[in-house]
Amino acid sequence: MGLWKRIGNLFSKPEAPKAPASMLTLSPGDICEVSLVTYEVTGRTKTSGRNAVVLTLRDGSRIAYLYIEEREELQYRLYHPIDGRLDSPSEVPATLELDDRTFYLEEEYEGYAAVTGQTPYMNGGEQHVWQYQSDDSRLLRVEWQNGRFMLYEGESILSADVRVIRAS
């Protein structure tokens, strides 16, 4: 190391510490644990105007979707895809009956979807989302983008049951 480089190092600012990884910042290739199951993050969808993200998770051949939203605290919801069909986004009802369980509309929103990695949708485009909850706290999520519907059934996850294992 030359003399000038040593003198330069004396006056240079130290590198800022790297911010710790959070579930909201995970991207494809990262590893996380949800309810004692280790997943690889294979995709990420962020809808504009929301402080939330949906991570596509893969555990072997199984695929799950982790919805993370930052409000007063981080809220986690783990979803699994289900079969179902709706005809038009204008006809999505306020209550849905599925497997002898009634789901009630909790929230409806739309925004531009920014996508990275493997997700049910291609990057870009307006995405419409309907989130439902049943009386026994089961969750249902309906998404529509580019003429395609996706339905998911899930449950709320405690913050203590979610952690980052490896982030890039």
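Modeller: Met-122 touches Val-115 and Gln-145, leaving out residues up to four places away in sequence. To touch is to be in contact, which means heavy atoms within 4.5 Å. This is a predicted model: local features need pLDDT of at least 70, side-chain atom pairs count only at pLDDT 80 or more, and totals for chains, interfaces and linings use all residues. Residues are numbered from 1 along each chain as its sequence is written, and side-chain values use heavy atoms, with hydrogens and water left out.

Colleague: Where is Met-122 placed?

Modeller: Met-122 sits in the loop between β7 (101-117) and β8 (126-134). Strands are DSSP runs of E, at least two residues; helices are runs of H or I, at least four; both are numbered from the N terminus.

Colleague: Why is Met-122 called exposed?

Modeller: Look at the cut-offs. Buried means under 20% relative accessible area, exposed over 50%, and partly exposed in between (1.4 Å probe, protein chains only). Met-122 has 68%, so it counts as exposed.

Colleague: Why is Thr-42 called buried?

Modeller: Thr-42 has a relative accessible area of 10%. That is under 20%, so Thr-42 counts as buried. Thr-42 lies in strand β2 (residues 37-47).

Colleague: Which residues does Thr-42 touch?

Modeller: Leaving out residues up to four places away in sequence, Thr-42 touches Pro-28, Thr-56, Leu-57, Arg-58, Gly-117 and Gln-118. Of the 168 residues of the protein, 41% count as buried.

Colleague: Which residues does UniProt list for "domain: DUF4178"?

Modeller: The unreviewed UniProt entry lists residues 28-157. UniProt positions are given in the numbering used here, feature names are shortened, and annotations may be inferred rather than shown by experiment. Over residues 28-157 the chain is 0% helix and 68% strand. The end C-alpha atoms of that stretch are 21 Å apart.
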